[in-house]
Amino acid sequence: WEAIETGTGHTVYSGTVPLTTTQSGSSYNLTDGARGNHRTYNLNRGTSGTGTLFSGPDDVWGDGTAANAESAAADAHYGAALTWDYYKNVHGRTGIRGDGVGAYSRVHYGNNYVNAFWSDSCFCMTYGDGSGNANPLTAIDVAGHEMTHGLTSNTAGLNYSGESGGLNEATSDIFGTSVEFYAANSSDVGDYLIGEEINIRGDGTPLRYMDKPSKDGSSKDSWYSGIGSIDVHYSSGPANHFFYLLSEGSGTKTINGVTYNSPTSDGLPVTGIGRAKAEQIWFKALTTKFTSTTNYAAARTGTLAVAGELYGATSAEYKAVQDAWAAVNVGT
Ligand code: ASN
Ligand code: ZN
Ligand code: CA
């Protein structure tokens with residue numbers, strides 16, 4: 001027989017958290033019976049297949065250190081649950097496909113692998129353990145980022161190259177960040193930085209910055225003709241910057257202890273409308289306006305149309321969308 005249980009995860013990043021698990025006879029496993037049976041598997045350094053479903057005689061997972069194989073599994077299982085809850089409770093979407101069916105996670109991929117990825121073919125996400133200074137890739141914003149690639153594939157289908165590829169990447173950063181804020185976990189507060197807990201460069205800096213994307217040395221703050229020719233993780237910059245400006249406005253601001261300073265390419269100020277409204281606008285544009293070939297100009301048109309539908313064409317929200325796109329050199 002099987003029963004849905006609440007176990008305890010001692011995670012690498014989020015302290016001690018509840019995990020929804022399944023009891024099967026005398027053992028427990030990382031199958032989230034409350035969220036479409038989302039499962040978490042151990043690849044144990046392999047690079048193919050599913051490995052083995054995490055299971056054991058008790059419902060306690062990990063010890064809070066990366067040395068224990070269950071700790072990163074607890075992070076991944078928790079991040080998937082938070083992402084599920086975020087989309088369900090904030091956007092009314094149950095599961096990546098909206099059909100109530102869970103995906104699955106695979107942790108401990110390969111040796112010293114410093115990345116994570118979503119795959120449409122397995123409908124699953126995969127996490128490396130990091131290497132040297134780089135910690136396991138199982139932080140909440142990374143989990144939300146990767147699962148959101150599944151959502152994008154199953155909605156707009158933004159092609160993963162050119163400007164649409166940048167918008168695809170930005171969508172994952174936007175909702176990865178949104179999930180991190182949604183978690184509001186005392187050990188892992190929200191920020192507009194991506195992958196700040198991985199320490200991928202070994203100097204404590206994040207992978208990406210949404211307030212001023214160029215701080216990473218490669219991403220672009222604003223649109224220019226030709227941006228479609230650079231890596232999608234850099235052409236995402238203007239859309240990440242747009243989302244930050246729309247949420248928080250331009251200039252200097254400190255949130256949860258992190259100070260941001262967001263410039264505008266037109267030198268005009270942007271007044272933010274708050275992250276909650278910005279999330280609604282981006283989600284509705286992604287799911288009802290964007291297509292596989294949406295570029296920056298079309299993203300502007302789509303988000304303006306949505307702002308009009310949600311708040312009216314004479315609203316402060318509509319004007320903020322106009323101003324935030326102008327601030328990243330899209331439209332006028
Ligand atoms: N972690 C990367 C990402 O999700 C993997 C990739 O380059 N697709 O964007
Ligand atoms: Zn990505
Ligand atoms: Ca973050």
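H2 passes H3 in a right-handed crossing; a crossing counts as right-handed if the near helix is turned clockwise from the far one by less than a right angle, and as left-handed if anticlockwise. Helices here (H or I, at least four residues), like strands (E, at least two), are DSSP runs numbered from the N terminus. This is a predicted model, in which local features need pLDDT of at least 70 and side-chain atom pairs count only at pLDDT 80 or more, while totals for chains, interfaces and linings use all residues. Residues are numbered from 1 along each chain as its sequence is written, and chains are lettered from A and ligands numbered from 1 in the order in which they are written.

The axes of H2 and H3 come within 7 Å and cross at roughly 130°. Axes are lines fitted to C-alpha atoms, for helices over the stretch in contact, with angles running from 0 to 180 degrees between N-to-C directions. H2 and H3 are therefore oblique to each other: angles under 35 degrees count as roughly parallel, over 145 as roughly antiparallel, 65 to 115 as roughly perpendicular and the rest as oblique. On the H2 side the contact is made by Ile140, Asp141, Val142, Gly144, His145, Thr148, His149 and Thr152. H3 brings Asn168, Thr171, Ser172, Asp173, Phe175, Gly176, Thr177, Val179, Glu180 and Ala183. Contact means that the C-beta atoms of two residues, placed from the backbone, lie within 7 Å. Sorted by class, the contact of H2 with H3 has five nonpolar, ten polar and three charged residues. In this scheme Ala, Val, Leu, Ile, Met, Phe, Trp, Tyr, Cys and Pro count as nonpolar, Asp, Glu, Lys and Arg as charged, and the others, Gly among them, as polar.

H2 also packs against helix H1 (residues 69–91), at an angle of about 60° and with the axes 9 Å apart. That makes H1 oblique to H2. Ala76, Gly79, Ala80, Leu82 and Thr83 of H1 meet Ile140, Ala143, Gly144 and Met147 of H2. Six of the residues in this contact are nonpolar, three are polar and none is charged. The crossing of H1 and H2 is right-handed.

H3 (residues 162–183) has another partner in helix H5 (residues 237–248), their axes coming within 8 Å and crossing at roughly 40°. H3 and H5 are therefore oblique to each other, and their crossing is right-handed. From H3 come Gly166, Leu167, Ala170, Asp173 and Ile174, and from H5 Ala239, Asn240 and Phe243. That contact holds five nonpolar residues, two polar and one charged.

Now for the domains. The chain is assigned domain 1 (2–153) and domain 2 (162–327), with bounds that come from an automatic or database domain assignment. Taken over C-alpha atoms, the centres of domain 1 and domain 2 are 26 Å apart. Their contact takes 24 residues from domain 1 and 25 residues from domain 2. On the side of domain 1 that touches domain 2, H1 and H2 each supply at least two residues, and the largest share, eight residues, comes from H2. By class, that side has ten nonpolar, 13 polar and one charged residue.

That leaves the ligand. Around ligand 1 sit Asn115, Ala116, Phe117, His145, Glu146, His149 and Glu169, each with its C-beta atom, placed from the backbone, within 6 Å of the molecule. Strand S10 (116–119) and helix H2 (140–153) are the elements that give two or more residues to this shell. H2 gives the largest share, three residues. The shell divides into two nonpolar, three polar and two charged residues.
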